[in-house]
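Biologist: I would like to learn how to read a protein model step by step. Could we take one feature at a time, with the general idea before the case?

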Amino acid sequence: MYKILVIEDDEKISKLIKDRLERYSYIVSIAKDYSDIKGEFIKEEPHLVLLDINLPNYDGFFWCREIRSISKAPIIFISARFSDMDQVMAIENGGDDYIIKPFSFDLLLAKVKSVIRRTYGEYAENDSKDIYEVDGVYLYKSQNIVEWENNKIELSKKEFSLLYILITNLDDIVSRETLLNELWDDMNFVDDNTLSVNIGRLRSRLEDIGIYDSIKTKRGQGYSMVKTW
């Protein structure tokens with residue numbers, strides 16, 4: 001079943017949308033924290049977003065860009081604003097479709113079905129699964145990007161792989177042999193210093209976004225990552 005996130009601050013409209021879509025076996029959640037829509041998206045992992053333009057704090061165009069920075073999940077704008085410019089801005093900011101309020105539910109359902117049909121095939125995966133989060137640190141696996149407090153850096157493939165292994169084993173020691181086996185297919189061509197150099201580079205890159213001293217060297221054993229952010 002497909003999951004839909006409704007980002008609409010009119011409680012009556014959002015509940016109506018939720019009730020009607022759930023009758024057609026969609027799993028529907030309504031955004032609650034309008035100061036962190038990106039966080040709501042990551043938490044819910046929806047296949048589709050229904051997004052209003054007029055929202056508290058930041059408008060729908062802003063949040064569409066934020067979602068687009070981490071996911072290709074389709075976004076349908078729902079708004080009472082009907083000018084051509086609003087619809088152009090919706091498309092230019094990453095929207096997939098636009099519905100003008102008031103609208104019939106039959107039209108909404110048809111557009112939801114159409115966008116989902118175009119976007120997802122039988123074996124399609126939800127690309128929001130590419131996001132791994134630990135206490136505010138976000139790893140975007142398909143892009144080799146790590147984010148902390150809105151600061152992003154793109155790592156090399158090996159740097160990102162090292163970080164992912166360490167952070168998914170937070171507080172545990174990961175042996176040098178395990179890291180080498182995970183990162184290099186043929187260890188015969190890997191100098192003993194290679195891992196140390198890559199760990200040093202990763203530490204430096206993390207410092208660029210404000211994460212210090214999180215990767216610890218365990219002499220004679222390997223490395224561990226601890227929460228210092």
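Biologist: In which helix is R20 found?

Modeller: Before the answer, please keep in mind that this is a predicted model, in which local features need pLDDT of at least 70 and side-chain atom pairs count only at pLDDT 80 or more, while totals for chains, interfaces and linings use all residues. Residues are numbered from 1 along each chain as its sequence is written, and side-chain values use heavy atoms, with hydrogens and water left out. Helices (H or I, at least four residues) and strands (E, at least two) are DSSP runs numbered from the N terminus, and R20 is found in helix α1.

Biologist: Is R20 buried, partly exposed or exposed?

Modeller: A residue is called buried under 20% relative accessible area, exposed over 50%, and partly exposed in between, using a 1.4 Å probe and protein chains only. R20 is partly exposed, because its relative accessible area is 26%.

Biologist: How should I read a nonpolar core, and which residues touch the most other members of the largest one?

Modeller: In soluble globular proteins, nonpolar side chains tend to be buried together. A nonpolar core is a set of buried Ala, Val, Leu, Ile, Met, Phe, Trp, Tyr and Cys residues joined through side-chain atoms within 4.5 Å. Here the largest has 44 residues, and I4, I7, L21, L50, F77 and V112 touch the most other members. Helix α5 (residues 105-119) gives the most to this core, with six residues. Apart from it lies another core of 26 residues, among them L163, L166, I209 and W229.

Biologist: With which residues is L50 in contact, leaving aside its neighbours within four places in sequence?

Modeller: Contact means heavy atoms within 4.5 Å. With those neighbours left aside, the partners of L50 are I4, L5, V6, I7, I17, L21, I76, I78, L108 and V112.

Biologist: What does UniProt place at D52, and is D52 buried or exposed?

Modeller: Such annotations may be inferred rather than shown by experiment, their feature names are shortened, and their positions are given in the numbering used here. An unreviewed UniProt entry places the feature "modified residue: 4-aspartylphosphate" at D52. This residue lies in the loop between β3 and α3 (60-68), and D52 counts as buried because its relative accessibility is 5%. Leaving aside neighbours within four places in sequence, D52 is in contact with I7, E8, D9, G60, I78, S79 and K101.
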